[in-house]
Amino acid sequence: MNFVLKIWRQEGTGSGGAFSHYEVRDVEPTVSFLEMLDTLNEELTESGQEPVAFDSDCREGICGMCSLVINGQPHGPIPGTTTCQLYMRHFSDGEEITIEPWRSSAFPVLRDLVVDRSAFDRVMQAGGYVTVHSGPKPEPNSIPIEPEVAEEALDAACCIGCGACVAACPNGAAMLYTSAKVSHLALLPQGQPERYARVTAMVEQMEEEGFGSCRNYAECEAACPKEISIKFIGRMNRDYLRAALREPINPRGKMESQ
Amino acid sequence: MDLDARIPSAPIEFMWDTHKEHLRLVGPRNRPKYRILVVGSGLAGASAAASMAAMGYRVDCFCFQDSPRRAHSIAAQGGINAAKDYRNDGDSIYRLFYDTQKGGDYRSREANVWRLAELSTAIIDQAVAQGVPFAREYGGLLANRSFGGVLVERTFYCRGETGQQLLLGACSALAEQIHAGSVTMHTRSEMLDVVVIDGRARGIVVRDLLTGKLSSHAADAVVLATGGYSNVYYLSTNAKGCNVTATWRAHKRGAGFANPCFNQIHPTCIPVAGEHQSKLTLMSESLRNDGRIWVPRQASESRSVDEIPESDRYYYLEERYPRFGNLVPRDVASRNAKEVCDQGLGVGSSGLGVYLDFRDAISEYGHDAIGARYENLFEMYERITGESPWNAPMRIYPAPHYTMGGLWVDYDLMTTVPGLFAIGEANFSDHGANRLGASSMMQCLADGYFIVPLTIGDYLSRHPSGDVTTDHAAFSDSETEVRDRTERLLSIQGTQTVESLHRELGRLMWQDCGIARNADGLSRALDEIPKLRERFWNELRIVGSGETLNQSLEHAGRLADFLEFAELMCRDALVRDESCGCHFREEHQTSEGETLRNDRDFSHVSVWEHRGMDHDPKLHREALTFEALPLAQRNYKT
C-alpha cells in the first residue's frame with residue numbers, strides 16, 4: 001500500500017507550525033499506524049531530515065501515551081481504539097492521511113505531534129484519590145461490594161488518560177476524563193468520605209487549567225478509546241451540585257471539640 | 001564485593017517481623033530532613049515514593065514518560081497473587097512460598113521469597129482501601145482465579161486490566177503526595193548516572209528530554225525502580241521505552257548485577273507479523289485456563305482449522321503433562337511451543353505459532369461465560385490480527401516478557417552500593433530462574449509499599465542528613481561524562497538508524513541467548529556483540545540536536561547501554577553451565593527434554609562486578625541455602 005502523509009511539524013511551543021507532505025510506499029497492511037511512522041522516520045533519518053516526533057510507549061492501547069488526530073479524528077477512524085492499535089489495513093491504498101497533534105489550548109504542542117498533558121495530572125492531584133497511607137488495612141471482604149457496582153466503577157476507572165476526549169470536544173472540555181475518576185471513586189464505599197471535597201477540588205482544578213465547558217456534544221464518548229460513557233459526566237455534575245449545596249466543610253480546618 | 005545478604009537470624013516465618021522489630025528508625029520529626037530520589041514511577045516506584053513521602057521523607061520521583069501513570073506496569077493484564085485462601089482450597093503463605101520457589105527452580109533466596117508470600121495479603125488490603133475495583137462475586141466478596149503453574153485459586157484481578165488498576169491506585173497515592181508537596185515529580189526526565197561519593201550513592205544526573213538540559217540531584221538515598229531489560233531483544237512485550245540504562249549505569253558505578261541471563265519468555269503472545277514489527281503483544285496467560293493449545297499432527301497440514309479432526313490435533317501440553325496440561329509454567333510452555341515449531345508443526349504464515357483454541361470452552365461453558373472472562377482479550381486479539389477468536393483459534397508464540405535478573409540486593413533491598421536501593425523488576429531477588437504468573441505486581445508492591453519504606457530508614461538513621469550538595473565535584477564530573485557521551489552519539493553521523501541497529505542486536509540475542517542456549521551460540525554472540533557495538537559507535541546516524549526533544553537520541557543512549565549489557569547477559573548464560581527455570585542450556589536436559597539443574601555447582605546467585613569496558617567483569621557468588629524447602633527436581637508431569 002502507498003500513502004501520502006500530511007503531517008503537522010512544529011519546532012517547539014509557541015513557534016509556528018505547518019504541514020509537511022511525505023510519501024510512504026510499499027506498506028504492508030499488517031503494519032500498525034505507528035510502525036508506518038517508524039518507517040517514515042527511518043527513511044527521513046537516512047536522508048538527513050529530522051524525524052517526526054510523536055509520543056508512544058506501550059503500543060498495546062493501555063498506557064495512554066500515544067495521541068494523534070488522524071484525518072480529523074483523535075486516535076483515527078476505528079471506534080474504541082488507540083492510535084497504536086490502528087493498522088494500515090484500516091486505510092485505503094493511495095489515501096492521503098492528515099496527522100495532527102491533539103488540538104487544545106490546555107495541551108500546548110511541545111514538538112511536532114507531541115503535546116503537554118500535564119494539566120491532566122494536576123486535575124488528578126487535586127483530589128483523584130482516597131487518602132490512605134501504606135500499612136495494615138481492614139480485611140477487604142468486610143466491606144462487600146455488589147459486582148455490578150465494582151464493574152461500573154471499573155468502566156470509569158479504565159480511563160487511560162490519553163486526552164482524546166479533550167481533543168475531540170469542540171470546547172476542549174475535560175469533563176469525561178475528570179468525571180471518570182470522580183465516578184470511579186464515588187461509586188465505591190472507599191471513596192465516600194472524600195466524595196464531595198474530591199469533586200469540588202477536581203472540577204475547580206479542571207477549570208483553572210483552561211479546559212472548556214461541556215455542551216453535551218458527546219464527541220468525547222465517540223472518541224474515547226476505552227468507550228467511557230458520558231453518563232459519568234451527568235453523575236459528576238450531580239455530585240458537584242450536591243457538594244455546592246452542602247454546608248462548606250474544610251476537612252483540614254479546626255475541628256469543633258465537644 | 002560484599003555479598004552479605006544480611007538475612008535475619010530467626011525461623012523463616014518470623015524473620016520479617018523480627019527484622020522489623022530490630023530495624024533502626026528515623027523519627028517523624030527527622031524524616032523531612034532526609035531526601036530520597038526514586039527513579040521510575042511504575043508499581044514499585046510509585047508505591048515507594050508515595051509511602052515514603054507519606055511517612056515524612058522528602059521525595060523526588062523521576063520518569064521518562066509524560067506522566068507517572070504511563071509506566072509499563074500499567075500493561076500487566078492477568079492479576080496479582082495473594083495467599084488469602086478465600087477459596088478454601090488449601091492455600092497458605094507456605095504454599096505461595098513453595099510455588100514461588102519451585103517456579104523459580106530453586107534459584108531465589110528463601111528469606112526474600114517467604115517475605116513476599118507473607119506480605120501478599122496486605123497488598124490486596126491496601127489496594128482495596130485505595131479503591132481498586134477488583135472483580136467481585138455475586139455476594140460482593142472478592143473473586144479469584146487460578147493462574148499458570150499452581151493448583152490453587154489465589155489470583156485477584158480487574159478484568160484483563162489488573163496492572164492498570166493497581167498502578168492507578170499507586171499513582172493516586174503518589175498524586176496525593178505530589179499535591180501535598182511531599183513529592184516533587186519530574187516527568188520526561190531520564191536518569192543517566194548515579195553519583196557515588198565516598199562509597200555511598202548520593203544522587204543522580206538527569207537529562208530533561210524536552211530541552212536536553214542536564215541536572216544534578218543530591219540526596220541521602222537513591223531508589224531505582226526502573227524495570228527490566230527485555231528490550232535487549234528489540235522485540236518484547238515491554239513498552240518501547242523500557243531500557244536497562246538506569247540499572248546498567250548503576251552497575252558501572254559499582255552495583256553488582258545478578259543473574260542477568262534469567263529472562264522469562266512468555267508463552268502467550270501474538271506471533272510476529274513481519275520485519276516492520278516494533279513490539280510484541282502479550283495475551284494474558286489467564287487464557288490458558290480455558291484455551292487448549294495444539295498444533296496439527298502433520299507437518300504438511302493443508303486443511304483449514306475446522307476441517308482438522310480431533311485425532312489430527314496434537315494437544316502437546318495436555319499429552320506431555322497430564323496433571324497441569326495447558327497450565328504448565330511459562331518456561332515449559334514456551335519451550336514446548338518452540339520445539340513443536342522447530343519440528344515444522346507451527347501454524348501461521350511464518351510457521352512460528354501454535355493454536356490457542358476456545359472452541360471446547362465455548363461449547364462447555366457457553367458464549368456468555370467465556371465472554372465475561374476474556375472478552376477484552378478477544379477484542380484485543382481481533383484488533384491486532386483482524387481475526388476473531390470466537391470463530392477460529394488464536395495463534396500464539398513466545399516472546400521476551402520479564403527479567404528475573406537485576407541489581408543484586410540484600411534483604412533490605414540495598415545494592416552493593418550503600419544508599420542505592422533497587423526494587424521491583426529492577427532487582428533480582430524473588431523470582432529465581434523463572435517467575436510465577438501474577439507475581440510481578442505482587443513483588444513490586446511488596447517492595448514499594450511495605451519493605452523499602454522501612455529498610456531505608458535503617459540505612460538513613462546511620463547517616464547524617466543532607467551533608468552532600470550538588471556543589472560536590474562528583475556531580476560536575478558525572479555531568480561532564482554524560483554530556484560527552486551525548487555529544488559523541490550526535491557526532492558519529494554514519495548511515496545506520498538506531499532502530500536498524502537495535503533490530504540487529506535483538507535478532508542476535510533471540511538467536512543465541514533466547515528460549516534455548518548452548519555454549520557455541522553463546523560464544524558466537526560474545527564475539528559478535530563487541531563488533532556490533534563498534535559498528536554502532538561508527539555507523540549510527542542521528543539527525544537533530546541534543547537541545548530539543550530528540551527521540552532518536554534517547555533511543556541511541558539506551559541502545560548503547562543494551563549493547564554493553566548484552567555481553568554480560570551472554571557471559572552469564574555461558575558461565576551458568578546448567579539448565580534451570582527459563583535458562584535452558586541444551587547441553588543439560590533430561591531424556592524428556594526438561595531442564596536439568598546442577599545443584600552441586602550452581603546453587604548460587606551469580607553477581608557480576610564491573611571493572612571497566614577494557615576488563616572482563618568479575619564473577620562473585622552468593623550461595624543459596626534451602627532450609628524451609630529442601631531442593632527437589634521440578635516436575636510438572638505427575
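Chain A of this predicted model has 8 helices and 7 strands. Along the principal axes, the C-alpha atoms of chain A fill a box of roughly 75 × 40 × 35 Å. The chain has 258 residues, and 52% of them are buried. If you take the contacts in chain A with a separation of 6 or more, 71% are between residues 24 or more positions apart.

Next, the domains. The assignment for chain A gives domain 1 as 3–111 and domain 2 as 117–245. Their centres, taken over C-alpha atoms, are 29 Å apart. Where the two domains touch, domain 1 of chain A puts in 18 residues and domain 2 of chain A puts in 17. On the domain 1 side, the residues are 7 nonpolar, 10 polar and 1 charged.

Now the sheet in chain A. It is an open sheet of 5 strands with mixed pairing, and the order is β2-β1-β5-β3-β4. Which strands stand at the edges? They are β2 (17–24) and β4 (73–74) of chain A, and each has a single partner strand, so one side of each has no neighbour in the sheet. At the β4 end, β3(A), residues 69–70, runs antiparallel to β4(A), and 2 bridges join them. One bridge pairs Val69(A) with Pro74(A) of β4(A).

On to helix packing. The axes of α6(A) and α8(A), the latter being residues 231–245, come within 9 Å and cross at roughly 105°. From α6(A), the contact uses Arg195(A), Tyr196(A), Val199(A), Thr200(A) and Val203(A). From α8(A), the contact uses Met236(A), Asp239(A), Tyr240(A), Arg242(A) and Ala243(A). By class, this contact has 6 nonpolar, 1 polar and 3 charged residues.

The next helix is α2(A). Why is α2(A) described as largely enclosed by the rest of the structure? Because 6 of its 8 residues are buried. Those buried residues are Ala119(A), Phe120(A), Asp121(A), Val123(A), Met124(A) and Gln125(A). Their cover includes α5 and α6 (195–208) of chain A, and also α5 (162–179) of chain B.

That brings in the other chain. The contact between chains A and B takes 66 residues from chain A and 67 residues from chain B. On the chain A side, the elements that each supply at least two residues are α1 (33–46), β6 (109–111), α2 (118–125), α3 (147–157) and α5 (175–187). The largest share, 7 residues, comes from α1(A). The chain A side divides into 28 nonpolar, 21 polar and 17 charged residues.

Last, a sheet in chain B. Here 4 strands form an open sheet with antiparallel pairing, in the order β16-β10-β18-β19. The edge strands are β16 (406–407) and β19 (618–623) of chain B, each with a single partner strand, so one side of each lacks a neighbour in the sheet. Between them, β10(B), residues 257–258, pairs with β18(B), residues 604–609, in the antiparallel sense over 2 bridges. Phe257(B) is opposite Trp608(B) of β18(B). Helix α15 of chain B, residues 551–575, lies across β10, β18 and β19 of that chain, and runs at about 145° to β18(B).

Note on methods:
Residues numbered from 1 in each chain as written. Chains lettered and ligands numbered in written order. Predicted model: local features only at pLDDT ≥ 70, side-chain atom pairs only at ≥ 80, totals over all residues. Contact = placed C-beta atoms within 7 Å. Nonpolar A, V, L, I, M, F, W, Y, C, P; charged D, E, K, R; others polar. Buried ≥ 20, exposed ≤ 12 C-beta atoms within 10 Å, placed from the backbone. Domains from an automatic or database assignment. Axes fitted to C-alpha atoms, helices over the stretch in contact; angles between N-to-C directions. Pairing = 2+ DSSP bridges.
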